[in-house]
Structures are given as C-alpha cells and as structure tokens.
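Please keep the sequence and the structure in view while reading.

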Amino acid sequence: MVQAQAVRQLSYIQAVNEAIRQEMERDETVIVMGEDIAGGGDREDKQDAWGGPMRLTKGLVGDFGRQRIRDTPISEAGFVGAGVGAAASGLRPVVDLMYVSFFGVCADQITNNAAKIHYMFGGKVNIPLTIMTGIGAGTGSAAQHSETLYSIFTHFPGLKCVVPSDPYTAKGLMIAAIRDNDPVIVFNNRQLMGIRFDVDVPEEAYEVEIGKSNIAKEGTDVTLVGIGYTTKVCLDAAAELEAQGHSAEVLDLLSLSPMDDEAILESVQKTRKIVIVDEDYPRCSIASDISALVAEQAFDYLDAPPRRVNPPHAPVPYSRPLEALWVPNKDTVVEAALGVLE
Amino acid sequence: MTTHSTMNKDTLLWMYSTMVTIRRFEEQSRREADAGKLRGMHSSIGQEAVPTGISAHLRDNDFVLGTHRSHHHCIAKGVDINEMMAELLGKATGTNSGKGGTMHIADINKGMLGANGVVGSNIPVATGVGLSAKVRGTDQVSVVFFGDGASSQGVLHESMNLASIWKLPVLFVCENNRYAESTPFEFTVAGGSISNRAAGYDIPGVSVDGQSVLEMFEVGGEAVARARRGDGPTLIEAQTYRYHGHFGADDPLGYRSEEEQEYYMDRDCIKQLTAHIIENGFAGEDDLQSLDEKALAAIAEAVRFADESPFPDDADLMTDVYNTYA
C-alpha cells in the first residue's frame with residue numbers, strides 16, 4: 001500500500017509549542033509558568049537559554065515576554081497553586097510540571113484546589129487551568145522520572161485528563177485543554193518526542209475534542225486500546241497481527257477523563273475481544289477500569305475475557321535490559337492478542 | 001572509614017585524594033555517557049570540596065542524603081567506586097543492583113542513605129534520620145545536601161523548623177552552585193541569601209566559601225560537633241560552582257558567561273588545596289602526583305569491574321519491590 005506523505009510534518013515538541021503559541025496570540029490571558037520554561041533568568045543576553053526541559057516552550061519568551069512566560073523557582077506547590085489562583089481570577093494559565101512523578105510535591109493544590117473549587121463554590125468559580133507534564137519510561141531515567149500515573153488523576157472528579165499519541169493530537173488536545181474552562185492535565189510521553197511521525201499537522205489552530213477517542217486503525221477480530229505511547233505500540237502490534245492473518249482494530253483513547261466509553265463498547269461489540277495496553281502500574285489502572293466497563297456493559301458480546309497489558313507491579317528500573325522488560329512492547333501486545341484470539 | 005577530624009597532613013592528603021578521585025570519576029562517567037553506556041548524568045565537577053570538607057568529620061554510621069547530583073557525596077562518604085561505576089552502567093554488581101542508577105546511588109553500610117531525584121525530597125527524610133538518632137540515643141549525625149534550587153521548596157522550611165524545635169542532629173548543607181538547571185540563583189531566591197533564612201528558625205546559618213575545602217572542613221567540624229553534642233541543627237550555605245551543564249548535554253554558556261566561569265574555575269578547589277599543601281610543605285609535587293596516579297588507576301579498575309559485570313537477570317525486575325507480598 002502506497003501512503004501519501006503528510007503535507008505538514010511537525011515533531012511532537014513542535015506541535016505542542018505551536019499550540020501554546022497560537023493560543024497565546026489569540027488570548028492574552030494565557031500565561032505559562034514552570035521551571036526553566038525559558039531559562040537563563042532575567043539575564044538580557046541569555047534569554048530562552050532552555051525553552052523548557054523538553055524544549056516545549058522554546059522561543060515563546062521572545063515573542064511574549066517574561067510577563068507571560070514565567071520561569072519559577074523549584075516550588076511546585078507554590079506555582080501550581082498560583083496557577084489555580086490565577087485561573088480563578090481571570091487568567092488562563094498553563095503550568096508545566098516537569099515530570100508527573102513530582103506531582104506529590106503539589107498534590108494538595110491539584111486535588112483539593114484545582115479539582116474541587118468549581119464544585120465546592122457552587123459552580124460560581126471556574127478553574128481554566130492547564131497542567132502539562134512529562135511521562136513515560138524508556139529513557140533510562142529510573143523510578144522517579146519515568147512514571148505515567150494518569151490513573152491517579154482520573155480518580156478525582158473535577159479534573160480532566162488527556163494523553164496525546166502523536167503531533168496531531170498533541171496540538172489539538174493542548175489547544176482544547178487551554179480553551180477548556182475546567183482544569184485539564186495533558187500528559188506528554190517523552191518517548192513520543194523522539195519519534196518521527198508521518199501525520200499531517202494543520203497550521204491553523206484546531207481542537208481535538210476532549211472526551212473523544214479515535215480509531216487509529218480499523219479492524220474486525222480484536223480491539224487493541226492504546227493510551228499515548230502505547231497507541232504506537234498497538235499499531236506496531238496490529239501490523240504484526242495482520243501479517244499473521246488477524247485484523248486488529250486500534251482505538252487511540254486520547255482522553256482518560258472523561259473517557260469515551262461508547263467508542264470502546266462499540267468497537268468491542270464488533271470485534272468481541274479486547275486488549276487494553278496501558279503504561280501505568282497495573283493496580284487501579286485505566287486498563288482495569290476499561291476491563292470493568294467492558295465486563296459490565298458488553299459481557300454478552302465478549303468471546304474472551306478482557307485482557308490487560310500493563311507493566312508489572314514494580315517501580316521503573318534503571319538498568320536498560322530491565323527497563324525494556326518493564327514497558328509494554330509490541331511482542332507483549334501480540335502475545336496478549338493471540339491469547340484472546342485463540 | 002576513619003574520620004579525619006583533626007587538621008594535619010593525613011587529613012589534607014585524604015581530602016586531596018578524595019577530591020581528585022571525585023573529579024576523575026566524573027570525567028570518566030562523562031566518557032561512559034558519551035559512549036552511550038549510560039544516558040545522561042549530572043556532573044559534580046567543581047563542587048568536590050563541599051562534601052569532602054564535611055565528610056572528613058563523619059563516621060561510617062553517620063548518614064548522608066544526596067540529590068540528583070550526588071556522585072561526589074557518595075565518594076566523599078566512602079562508597080566503593082567499583083560499585084558506583086557498575087551502578088551507572090546498570091549492572092547487577094552496582095550499589096543498587098542496577099535498579100537505581102546515577103541519580104539514586106545508596107550504600108547503607110557507608111551511611112549513604114541515597115541520592116534522590118526529586119528536588120528537596122531528601123530534606124525531611126534527613127530530618128527523620130536525625131530524629132531517629134536522637135530517639136535511639138546515639139550521637140550519629142545526619143547530613144543532607146541540596147541545591148540553591150531546593151531552597152525554594154517548602155519542605156526545607158518545614159524541616160528546619162522541626163529540626164530546631166526538636167534539636168535534631170542535622171546539617172542542612174546547601175550547595176549553592178548558582179544555577180537551578182539554567183536559572184540563576186538571584187532570579188529565584190529572595191533576599192539574596194539562603195543562610196540568612198536560618199535566623200527565622202533560631203538555628204545557626206553560615207555562608208562559607210565552598211571552593212575552599214579548608215573552610216568547608218572548619219565549618220563542617222563545628223556543625224558536626226554541635227549536632228553530636230545534642231545542640232541541634234545548622235544551616236550551611238556553601239558558595240560553589242558547577243563547571244558543567246545541568247545534565248551534560250546542555251551547554252552552560254547558553255545561560256552564563258565565560259568570564260563568570262573563569263572566575264570560579266580560577267578558584268578551583270583542587271588547585272587551591274594543592275597550593276596549600278605544597279606551599280606549607282605538607283607534601284611534595286611527587287607525592288601528589290602519585291596520589292593522582294592512584295586515583296586514575298582506581299577509576300580504570302572501576303570501569304573494568306563495571307564492564308565485566310553482568311546485567312541483572314530478567315527475574316530481578318520483580319525482586320525487592322517488597323520484603324513480603326502475598
């Protein structure tokens with residue numbers, strides 16, 4: 001099959017950067033806060049020394065200035081909390097929590113303030129806050145810099161959680177998150193930042209709707225559900241399964257809260273088998289949640305029990321061969337799929 | 001490890017050897033990273049004097065807690081460099097059996113209670129270590145290293161308050177290397193001083209030249225003695241400098257000037273100690289050179305040990321998550 005080349009290719013990093021830039025141009029209440037998002041402090045000749053630890057905010061300080069692109073001290077409780085306050089009083093802040101594993105430092109601000117203020121205050125105060133955070137293993141960063149942890153945040157009513165899977169969804173979900181009037185956490189997988197994607201990223205601003213999944217590949221025999229990086233793993237596994245004569249459908253979840261239950265159930269009613277591939281720890285995971293959903297609401301359609309593919313119940317190891325075992329990969333997904341196909 | 005708490009020739013040569021070993025270890029670690037054997041590391045070159053001057057006063061059963069940039073803390077505390085290098089390469093023979101890597105080196109037998117990758121996260125833990133010593137009635141001391149960046153975390157303030165009201169044997173040692181990643185100290189620290197903050201918690205706050213191991217030795221000695229006596233914690237702000245980038249791949253000239261780098265590198269801690277030893281006749285250049293060679297040989301042996309060591313077994317992925325879990 002000959003595929004047309006994407007018209008406008010961007011890297012994941014460029015896509016996120018463009019999303020923030022376009023929203024800052026459109027809406028002057030959008031500001032960004034975080035550690036080293038510009039870098040170099042206020043030294044005239046050293047502006048934009050970093051542009052973010054993952055370079056997601058590179059170049060923004062030059063265009064929007066330090067009033068709106070704010071480097072912070074290493075004080076997550078302070079600046080995430082300040083993001084909540086700013087959101088409650090007229091701004092639309094984007095806060096960069098460098099790695100999701102640091103959420104513990106500022107958990108109170110996220111779970112007790114960002115998530116609950118709208119409800120507790122009788123719906124009279126909005127918190128249009130976007131938190132973007134780096135997730136994912138596979139980079140040799142060991143246990144404190146490799147987690148995904150999104151399932152923890154989906155536990156809290158009041159928070160929305162999205163996980164882009166490529167540059168197109170990275171841009172569209174980031175824009176949707178910034179425009180949303182509720183707090184949204186955007187989980188950016190670091191492995192996706194190093195992959196070249198042949199997907200078209202339109203230049204104009206667009207939203208990928210929060211709460212909607214996407215069928216990344218149609219199929220009839222088994223549904224593979226992917227989240228962020230694992231969507232890529234599922235696509236690779238689907239190609240392998242195809243070669244073995246099995247037609248796999250890949251559902252790219254994109255949004256974890258709210259979750260597109262309907263699309264999951266629809267796909268499963270068609271394929272009658274489901275494998276959920278989730279890079280988060282197995283206990284109380286999104287994979288478990290979807291498994292329960294399918295068992296409750298599509299039981300009569302299932303030809304096999306739902307199958308979850310998660311890392312093991314262990315922290316992320318540093319040593320390269322152990323880390324490679326930890327992250328779900330094409331082979332583990334193919335094996336799981338063959339397990340339900342038999 | 002025997003302590004080197006008296007200033008004499010032995011102590012000076014121990015400090016010299018320790019600092020040179022740290023520097024050569026870091027240079028080698030960088031080469032290993034460049035060769036793709038590990039993926040990024042936070043170099044402590046330039047900051048060798050800070051833990052060396054303090055650890056001179058510490059026993060094996062005193063505790064040190066470190067940061068993402070902690071190779072120098074480990075070596076100064078006497079952690080085996082073979083096992084450290086093996087850990088950097090993710091080998092089964094590493095200090096942490098390959099599970100932790102460069103940011104998390106720990107060796108309980110040497111009182112190295114772990115490097116920690118979350119900024120400020122080690123500070124309350126160290127306070128608890130001090131509490132433990134006090135409750136158990138020992139004269140052990142807990143030393144926590146952190147950077148100027150961590151001084152902005154709330155846990156530092158909560159920990160200094162606790163340590164003060166409970167008179168805990170804790171040394172809060174800030175390595176002010178001027179930069180939190182790329183962000184300069186003066187951009188994020190109100191009032192221009194970290195040591196001044198001790199006053200609010202009624203504990204001594206000392207600012208010291210962290211490029212002078214002799215000054216580090218003196219200030220460290222006082223603070224350790226005070227802790228052992230049961231008189232409580234001290235906050236030490238060591239003015240130091242990180243020669244390399246934050247994690248290696250970044251160019252520090254992106255956020256600081258060559259003039260500034262030269263200013264600090266001219267005051268290099270090893271250079272200063274070398275001059276002190278030679279000028280005062282504690283040892284000759286030949287003696288120091290033989291210590292240099294010893295350090296290099298030890299690093300070469302560490303690399304050999306690490307290279308020849310096996311990776312962990314696949315089954316090790318699931319070991320040590322718990323002691324028991326059924």
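In chain B, P169 is found in the loop between α6 and β3 (170-176), where helices (H or I, at least four residues) and strands (E, at least two) are DSSP runs numbered from the N terminus. B:P169 counts as buried because its relative accessibility is 7%; buried means under 20% relative accessible area, exposed over 50%, and partly exposed in between (1.4 Å probe, protein chains only). B:P169 and B:R23 are 146 residues apart in sequence and 30 Å apart in space, C-alpha to C-alpha.

The model is predicted, so local features need pLDDT of at least 70 and side-chain atom pairs count only at pLDDT 80 or more, while totals for chains, interfaces and linings use all residues. Residues are numbered from 1 along each chain as its sequence is written, chains are lettered from A and ligands numbered from 1 in the order in which they are written, and side-chain values use heavy atoms, with hydrogens and water left out.

The loop between α6 and β3 of chain B also holds B:K167. Most residues other than glycine have a negative phi, and most peptide bonds are trans.

| Residue | Phi | Relative accessibility |
|---|---|---|
| B:K167 | near 50 degrees | 45%, partly exposed |
| B:D202 | near 60 degrees | 67%, exposed |

B:D202 has its place in the loop between α7 (185-188) and β6 (205-209) of chain B. In chain A, the peptide bond from A:S257 to A:P258 is cis, with omega near 0 degrees, and A:P258 lies in the loop between β10 (255-257) and α9.

On the surface of chain A, a patch of negative charge gathers A:D261, A:E262, A:E266 and A:D289, and helix α9 (residues 261-271) gives the largest share of that patch, three residues. Patches are made of residues with over 30% relative accessible area and no salt bridge, like charges being joined within 9 Å and nonpolar side chains (Val, Leu, Ile, Met, Phe, Trp, Tyr) within 5 Å; a salt bridge is a side-chain nitrogen of Lys or Arg within 4 Å of a carboxyl oxygen of Asp or Glu.

A nonpolar surface patch of about 470 Å² is made by B:L131, B:V135, B:L162, B:I165 and B:W166, with α5 (122-136) and α6 (154-165) of chain B each supplying at least two of its residues.

Methods
Areas by Shrake-Rupley, 256 points an atom, 1.4 Å probe, with all protein chains shown as cover. Lys, Arg positive; Asp, Glu negative; His and termini not counted. Charge placed at Lys NZ, Arg CZ, Asp CG, Glu CD.
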